[in-house]
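Please look over the sequence and the model before reading on. The paragraphs below are meant to be read with both in view.

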Amino acid sequence: MHRTKKISAVAATAVTAGALMTFTWNSAATANTSHQQQAKPGSAAAGPMFASNMNNRCLEVREGNTGNGAMIDIWDCSGHLSERWVWSGNGEIRNELSQKCLDIVASNHENGAGVDLFDCRGWPAQQWRWDGTQIRSNMSNRCLEISGGNWYMGATVQMWDCNGGSHQQWHLS
């Protein structure tokens with residue numbers, strides 16, 4: 001019997017290029033969409049990557065650091081677990097490598113607030129929502145963006161008032 005353990009906390013819904021896509025990961029290492037993820041035998045399927053609409057580079061944990069406070073930047077997409085994320089049902093975005101959450105540094109509500117990785121604690125600074133092509137903070141209603149629209153690899157990300165710029169728009173890859 002093929003038993004599938006659906007995890008509602010690990011499902012993401014996104015609107016990309018006018019099409020609604022729902023991603024569901026389960027213990028059988030399959031994605032319930034047209035976007036198939038392959039995992040090593042005995043492991044769960046990896047979550048998607050968030051790629052920038054500006055330069056198609058991926059949101060990643062800098063240098064694969066798994067510690068609290070690890071900075072988040074963009075890099076050419078390679079599929080490494082440091083670039084893979086799981087959007088939980090309670091608004092957390094967990095990194096596949098460390099299982100830590102995307103977090104706004106020091107719960108800063110202002111423009112320019114840094115973004116890092118931290119133990120998932122359910123804090124308001126760790127609550128996010130997908131809004132069309134934007135990743136928004138539930139705490140500040142600001143958008144995750146590539147700082148200053150920097151095109152290059154290693155550019156940091158930050159929180160800023162949503163303005164519709166391509167450096168604030170993301171798609172699942």
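Predicted model: local features only at pLDDT ≥ 70, side-chain atom pairs only at ≥ 80, totals over all residues.

Residues are numbered from 1 along each chain as its sequence is written, and side-chain values use heavy atoms, with hydrogens and water left out.

Trp128 and Trp130 make up the covered face of β10, whereas Arg129 and Asp131 lie on the uncovered one. In a regular strand the side chains alternate between the two faces of the sheet. The antiparallel partner of β10 is strand β11, residues 134-137, and four bridges join the two; strands count as paired if DSSP finds at least two bridges between them. Within this pairing Trp128 stands opposite Ser137 of β11. The two strands form a hairpin with two residues between them, and Gly132 in the turn has a positive phi of about 75 degrees.

Rings of Phe, Tyr and Trp (its six-membered ring) pair if their centres lie within 6.5 Å, and planes under 30 degrees apart count as stacked, over 60 as edge-to-face and the rest as tilted. By this rule there are four aromatic pairs. One of them joins Phe118 and Trp123, a tilted pair at 5.4 Å centre to centre with 35 degrees between the planes. Phe118 is partly exposed at 23% relative accessibility, and Trp123 is partly exposed at 33% (buried means under 20% relative accessible area, exposed over 50%, partly exposed in between, with a 1.4 Å probe and protein chains only).

Where does Val157 lie? Val157 belongs to strand β13, residues 157-160, and is buried with a relative accessible area of 3%. Leaving aside neighbours within four places in sequence, the residues in contact with Val157 include Leu59, Ile72, Ile74, Leu144 and Trp170, contact meaning heavy atoms within 4.5 Å. Gly114 is another of these contacts; Val157 and Gly114 are 43 residues apart in sequence and 6.9 Å apart in space, C-alpha to C-alpha.

Ser98, finally, is found in the loop between β7 (93-95) and β8 (101-104), and counts as buried at 17% relative accessibility. Its side chain reaches the backbone nitrogen of Lys100 at 3.1 Å. Beyond neighbours within four places in sequence, Ser98 is in contact with Thr66 and Leu117.

Methods
Polar contact = N/O pair within 3.5 Å; in protein donor to acceptor, adjacent residues only side chain to side chain.
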